[in-house]
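Biologist: I have just opened this entry and would like to understand the words used for it. Could you take me through them?

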Amino acid sequence: MRSTRGTAGRLFSALAHAHINVKMIDQGSSELNIIIGVRNDDFENAIRAIYQIFVDAQL
């Protein structure tokens with residue numbers, strides 16, 4: 001993510017669009033990952049939303 005702008009924006013926009021509330025955010029110092037926490041009830045929908053924005057959308 002260090003060299004690609006908008007990754008976090010795409011992630012959080014996809015979750016917001018899916019009406020998923022992010023409870024926790026963590027990013028490693030190397031900027032290679034983002035860890036998010038969501039309610040157990042939202043887990044599967046969060047995975048779908050992330051998959052759709054990064055794999056299906058091909059942006």
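Biologist: Why is R39 called partly exposed?

Modeller: Keep in mind that this is a predicted model. The relative accessible area of R39 is 45%; buried needs under 20% and exposed over 50%, so R39 falls in between.

Biologist: Why is the meeting of the R39 and D41 side chains called a salt bridge?

Modeller: Their N to O distance is 3.0 Å. The limit is 4 Å between a side-chain nitrogen of Lys or Arg and a carboxyl oxygen of Asp or Glu, so the pair qualifies.

Biologist: How do you know that E44 and R48 form a salt bridge as well?

Modeller: Their closest N and O atoms are 3.6 Å apart, and that is within 4 Å, so the name applies here too. The two residues sit 4 residues apart in helix α2, so about one helical turn separates them. E44 is exposed at 52% relative accessibility, while R48 is partly exposed at 45%. The structure holds 2 salt bridges.

Biologist: Which residues make up the largest nonpolar core?

Modeller: L11, L15, I20, A46 and A49.

Biologist: How confident is the predictor in the protein?

Modeller: The average pLDDT is 90, and 93% of the residues score at least 70. Helix α2 has a mean of 95.

How values were computed. Residues numbered from 1 in each chain as written. Predicted model: local features only at pLDDT ≥ 70, side-chain atom pairs only at ≥ 80, totals over all residues. Heavy atoms only, no water. pLDDT = per-residue confidence, 0-100. Core = buried A, V, L, I, M, F, W, Y, C linked by side-chain atoms within 4.5 Å. Buried < 20%, exposed > 50% of the residue type's maximum accessible area, 1.4 Å probe, protein only.
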